[in-house]
Amino acid sequence: GKYILTPCPISYAEEQLLHFFGQLLGIAIRADVPLPLDLLGSFWKGLVGQPLDPEQDLQEADVLTYNYVKKFENVRRAVEHSESLSISLTMCALCICTF
């Protein structure tokens, strides 16, 4: 699995680990030593200032949640479409009745 940093309160030990991670990254970059870090793309995007892509980044971080969000979007579209169709049919029925 990939690792993700969450924006929540951290303990002193976690803060020390992040500090160490920063030192390790800095040394590796200065010494031109590649580190095989399996971190999410959103982490690297944030590090280099690239814009995030919410859909792609969510899919990469949590496929299950991404699939649920997609299902909810599909249900919402289906409901909106059926409501739109219902309104159109009602309007047509009213038009037919007035003639």
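The model is predicted, so local features are given only where pLDDT is at least 70 and side-chain atom pairs only at pLDDT 80 or more, while totals for chains, interfaces and linings use all residues. Residues are numbered from 1 along each chain as its sequence is written, and side-chain values rest on heavy atoms, with hydrogens and water left out. The protein chain has four helices and zero strands, where helices (H or I, at least four residues) and strands (E, at least two) are DSSP runs numbered from the N terminus. Of the 99 residues in the protein chain, 10% are buried; buried means under 20% relative accessible area, exposed over 50%, and partly exposed in between, with a 1.4 Å probe and protein chains only.

**Fold and helix α1**

- Read from the N terminus, the elements of the protein chain follow the order α-α-α-α.
- The buried residues of α1 are L25, G26 and A28. Seen down the axis of α1, these buried residues fall within an arc of 165 degrees, so they line one face of the helix; the arc is that of the directions from the helix axis to the C-beta atoms.
- Turned away from that buried side, the other face of α1 carries the exposed residues Y12, I27 and R30.

**Aromatic rings**

- The structure holds two aromatic pairs, a pair being rings of Phe, Tyr and Trp (its six-membered ring) with centres within 6.5 Å, where planes under 30 degrees apart count as stacked, over 60 as edge-to-face and the rest as tilted.
- The ring centres of F21 and F43 lie 6.3 Å apart with the planes at 55 degrees, so this pair is tilted. The pair links distant parts of the chain, since F21 belongs to helix α1 and F43 to helix α2, 22 residues apart.
- F43 also pairs with W44, and here the arrangement is edge-to-face, at 5.1 Å centre to centre and 80 degrees between the planes.
- Through these ring pairs F21, F43 and W44 are linked into a cluster, in which W44 is partly exposed at 30% relative accessibility.

**Salt bridges**

- The count comes to four salt bridges, each defined as a side-chain nitrogen of Lys or Arg within 4 Å of a carboxyl oxygen of Asp or Glu.
- One of them joins the side chains of K45 and D57, at 3.1 Å from N to O. K45 lies in helix α2 and D57 in helix α3, so the pair ties together parts that are 12 residues apart in sequence.
- D57 is found in helix α3, which covers residues 54-61, and the C-alpha atom of D57 is separated by 8.0 Å from that of L40, 17 residues apart along the chain.
- E55 forms a salt bridge with K70, the closest N and O atoms being 3.2 Å apart. This pair links distant parts of the chain, with E55 in helix α3 and K70 in helix α4 (residues 63-98), 15 residues apart.
- E55 is partly exposed, with a relative accessible area of 41%, and K70 is partly exposed at 24%.
- The side chains of R77 and E73 meet in a salt bridge of 3.9 Å, N to O; being four residues apart in helix α4, R77 and E73 are separated by about one helical turn.
- R77 is partly exposed at 45% relative accessibility, and E73 is partly exposed at 24%.
- Taken together, E55, K70, E73 and R77 are linked in a network of salt bridges.

- F20, L24, V33 and L35 form a nonpolar patch on the surface, with about 330 Å² of accessible area together. Patches are made of residues with over 30% relative accessible area and no salt bridge, like charges being joined within 9 Å and nonpolar side chains (Val, Leu, Ile, Met, Phe, Trp, Tyr) within 5 Å; accessible areas come from the Shrake-Rupley method with a 1.4 Å probe, and for residues only the protein chains shown count as cover.
- V33, a member of this patch, is found in the loop between α1 (12-30) and α2 (41-48) and is partly exposed, with a relative accessible area of 44%.
- D32 also has its place in the loop between α1 and α2, and D32 counts as exposed at 70% relative accessibility.
- Most residues other than glycine have a negative phi. D32 has a positive phi of about 55 degrees, although it is not a glycine.
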